[in-house]
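Subject: Structure handover

Hi,

Here is the structure I promised to pass on to you. Please have a look at it alongside the notes below.

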Amino acid sequence: MPRKWWILAATVALIWLMILIEPILMPFFVSMVLAYLGDPLADRLEAWGLSRRLAVSVVFLVLTLIFGLALLFIVPILGRQLGQLLEALPLVYLWIQNTAVPWVQSLTGFDLGTDIDNMRQILVDNWKETGSVAATLLAQVSRSGLALVALIGNLALIPVVTFYLLLDWDRMTANLRACLPRNWEPEIVRLAKQCDEVLSSFLRGQLLVMLCLGIIYAVGLTLLGVRFGVLIGLLAGLASIVPYLGVIVGISVAALVAFFQFESLLILLGVGGVFAFGQMMESVVLQPKLLGDKIGLHPVAVIFAVLAGGQLFGFTGVLLALPVAAVVMVLLRYLLERYKGSDLYGSKTRKNMSAKEPS
């Protein structure tokens, strides 16, 4: 059998194996991402004279503190605001029924009262159905001790696996490089460096941009006095993984909440100012400093990658979608470069014709 068929068969077998063991992959992939993000800091600490184990311990402590502080400060605030949001939903419905619907009817002549009542009934029915399904699933998980133990075990594995991956990261990459075929090593290393540039820019840069935007939006909306400001700001920051989606989602939700809360059009100017400031900071400071021009992932490609990853591998696929899309983008650029230099594209023919032309 030709060598390329062996490579293809091995690739298919690897994908099939990953699909089979997908339920246990999540903690390992999360740990790989955390180790990848922490390795440059560990390398810098090593350059300052620390041993690898001590440098990894410092990085691990920093990651643990960041995660712990986030849970300590953000989770209670989000919990309170989610509770307030659930309490405010009946008031929102009453405002829509008593204020918005008559206003729309006076402008257009359409009676939306019946449609609103039908929509409310549909939401209530689906809410009850969703609640019963959730209760059934929760009861099933509670009865299944093995499933609960497996979930806790997977979560507990993340810090352990992260520590050991971070400890041996440089050695593992060196061993992988040593296993490459000698004829292919220079080209593979060049592609790996390009993938690393894209991945580091995206994972480190985009996560920092999302975090900064979420903080800007949350602080700005909170200073304006808009209810659920932290919740809306963090939601807009997370949605910023797709360009312009965060500002669209954030300003739409914040404007509705602010108008319902203050019943004034002036507050909408303040909301618009908060998101305009966030966009200005993203364009002028955050993206040039943190991202540069190395990513090149089109927004449509981002959306497709996330949806495809979730459909194929569930939550693990969502985690892997964008890193894999970035690597695929680098490989496609490489294949395009090889194609344009091949006889199929006609580059040699054009070069020969150019050489025959009189100067």
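R171 is exposed, with a relative accessible area of 54%, in this predicted model. Its salt-bridge partner is D168, with the closest N and O atoms 2.5 Å apart. D168 is partly exposed, at a relative accessible area of 22%.

The count of salt bridges comes to eight. In another of them, R177 meets E185 at 2.9 Å, N to O. Here R177 is partly exposed at 44% relative accessibility, whereas E185 counts as buried because its 17% falls under the 20% cut-off.

R190 and E187 also pair, at 2.7 Å from N to O. Both sit in helix 7 (residues 185-224), three residues apart, which is about one turn of the helix. R190 is partly exposed, with a relative accessible area of 30%, and E187 is partly exposed with a value of 30%. Elsewhere, shared partners link D39, D43, E46, R52 and D170 into one salt-bridge network.

Now to the inside. The structure has one cavity of 30 Å³ or more, and the largest cavity holds about 40 Å³ of space. Ten residues line the largest cavity, and S240, Y244, G246, Q279 and E282 are the closest to its centre. Helix 9 contributes the most to this lining, with three residues. By type, the lining has six nonpolar residues, three polar and one charged.

Back on the surface, L14, W16, L17, L20, I21 and I24 make up a nonpolar patch with about 600 Å² of accessible area together. Of these, L17 lies in helix 1 (residues 3-20) and is partly exposed, at 41%.

Best wishes

Definitions and conventions:
Residues numbered from 1 in each chain as written. Predicted model: local features only at pLDDT ≥ 70, side-chain atom pairs only at ≥ 80, totals over all residues. Heavy atoms only, no water. Patch = residues over 30% accessible without salt bridge, like charges linked within 9 Å, V, L, I, M, F, W, Y side chains within 5 Å. Areas by Shrake-Rupley, 256 points an atom, 1.4 Å probe, with all protein chains shown as cover. Salt bridge = Lys/Arg side-chain N within 4 Å of Asp/Glu carboxyl O. Helix = DSSP H or I, 4+ residues; strand = E, 2+ residues; numbered from the N terminus. Buried < 20%, exposed > 50% of the residue type's maximum accessible area, 1.4 Å probe, protein only. 1 Å grid on protein atoms, 1.4 Å probe; cavity = no way out; pocket = protein on both sides within 12 Å on 5 of 7 lines; lining within 4 Å. Points joined across faces, edges and corners; volume = space filled by probe spheres on them. Nonpolar A, V, L, I, M, F, W, Y, C, P; charged D, E, K, R; others polar.
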